Amino acid sequence: MIQTKRLTVPVVAALSLVLAATPIGSAAALATGKPAGSIAWHRCALNAQDEEGHEWDAAGIECGDVTVPVDYAKPRGRTITVAIARSRATDPAHRIGALVINLGGPASPVLGVVPLARQTMGETGSHFDLIGMDPRFAGRSTPLDCEWPSSWLPRSAGADRASFDHMVSLTRDLARRCGRKHGDDIPYASTANTARDIDAIRAALGEPKLSYLGYSQGTFLGAVYAQLFPQRVDRLVLDSAVDPTRPGTFLLRNAAPGRQAALAEWAQWAATHNSEYGLGATTEKVLATVDRIYAASARKPLKVGGYAVDDTVVPAIVIRSLTDDTSNGELAETMKVLADAARRGDITNTGTAELPESLTDVLSDVLTGAQSAVNSARTAIMCGDAAVPRDPRWYWRDIRAHRAESALFAPLSRTITPCAFWPSSPVERPVRVGNDVPALIVQAEKDTGSQLPGARKMHEALTASRMVTLQGARTHGVYGFRGAGCVDDVVDAYLVSGSLPRSDVMCSE
């Protein structure tokens, strides 16, 4: 999941750019009676109240729906629709083809990014029809919403057994809600089926090949597409790449040490700004402040802006801003608020308008149902990608064994998830990525979301790939987001020419 810089939209949530999920696209598409594989094109604005759609229409974006099988093993069985948006190449005389954009998540809706990508990619983008696809069950595609009152994403197992037991109860309840409402659909939510949907879109567009730009967990989707359809890949850019050998919820299980290192780096910065934020005059004192906040939230939930913030939520708050080194001040403001809450015990009367935006965003995402649709689809895909242990005791033993890596982040990385109680098991084995399809992998050296060791695993699995690394940067999403000229130049050159660099590239800002 990625945050946005140059590609910005009004709605930014969780650790990714996520547009509010809505079912309004689905009924219109199903009513057309179009056969599977064709595109039902229509205006993006589906009613007078659809402000986003009107904006897309004004930008010249075409919207459509592709009908695909729920289960590709039964191509004549039940169908769903996948929503797409297209911005045609602005230099048709030098058109290369269609470029599909994916923002990870998994299941982050993408349609609204298309007009922004048109602006951001400039001359490079002019050669492509830019395609956004809301992945199956997300956004304007046929929706999957379990109507969750809160979320497990990205919650921690907390500081003690009581907090872990709370997460067991929460994730069990969330899984049951999905089973009751979407038991027939969730077995077919997976990265492999999303990749098959991409190929259905390729065929419907009449393109012999597709280019692809994917971020975060979208890099796994791109790699799976290349594995399943190697002859149909043109240019392939994988930004902030994940470890393809760790599908599903296992992706971040080893993330704690890297995140702890990032926290120490931020603490050093905060110490140099102690006069402004008052978190501590040394790195050690800043880290001690974070520890005090976490310990206080474990004893009793902190009351912040009407929310009860316990030790399952504090790590999620920290990691939100820790994802990017340009958000150091944002994280410091947030920790200042939490330190005040820990010291005073109750700042319920603090209005949310007075809180840092990143803090109110994550509290809303985790503690309310505001992102229920996106988080439901995201969870369904992760649970469908790989089987997980079903015994809660396994997770508790695992957390205890790794807590020394980071008291704050190990329980976050290794927490129990709804997949432990999911009403269905994966219908197919995870796709094993290993091929010689050419690809360009883009990576920030200190990324806390998709960490460098995982990107190197992707590089190894795609044997014909090249890798461009942005040295010293802590960010998630580089090309088109960071404004790193060296990285953008390498990616642009590859997209236009189709030729990879002769060797891996190290960039600096």
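Visitor: What makes helix H10 (residues 314-322) largely enclosed by the rest of the structure?

Guide: In this predicted model, 9 of the 9 residues of helix H10 are buried, so the helix is largely enclosed by the rest of the structure. Buried means under 20% relative accessible area, with exposed over 50% and partly exposed in between (1.4 Å probe, protein chains only), and helices (H or I, at least four residues) and strands (E, at least two) are DSSP runs numbered from the N terminus. Among the buried residues of H10 are Pro-315, Ile-317 and Arg-320, and the buried residues pack against elements including helix H7 (256-272), helix H11 (328-344) and strand E9 (307-309).

Visitor: Why is Asn-435 called buried?

Guide: Asn-435 has a relative accessible area of 11%, and the limit is under 20%, so Asn-435 is buried. Asn-435 lies in the loop between H15 and strand E10 (440-444), and, leaving aside its neighbours within four places in sequence, Asn-435 is in contact (heavy atoms within 4.5 Å) with residues including Ala-223, Gln-227 and Thr-463.

Visitor: What makes a set of residues a nonpolar core?

Guide: The set consists of buried Ala, Val, Leu, Ile, Met, Phe, Trp, Tyr and Cys residues joined through side-chain atoms within 4.5 Å. The largest such core has 113 residues, with Leu-236 and Val-487 having the most contacts inside it, and its largest share, 7 residues, comes from helix H4 (residues 161-182). Apart from it lies another core, of 41 residues, among them Trp-266 and Ala-316.

Visitor: How are residues numbered, and which pLDDT limits apply?

Guide: Residues are numbered from 1 along each chain as its sequence is written, and side-chain values use heavy atoms, with hydrogens and water left out. Local features need pLDDT of at least 70 and side-chain atom pairs count only at pLDDT 80 or more, whereas totals for chains, interfaces and linings use all residues.
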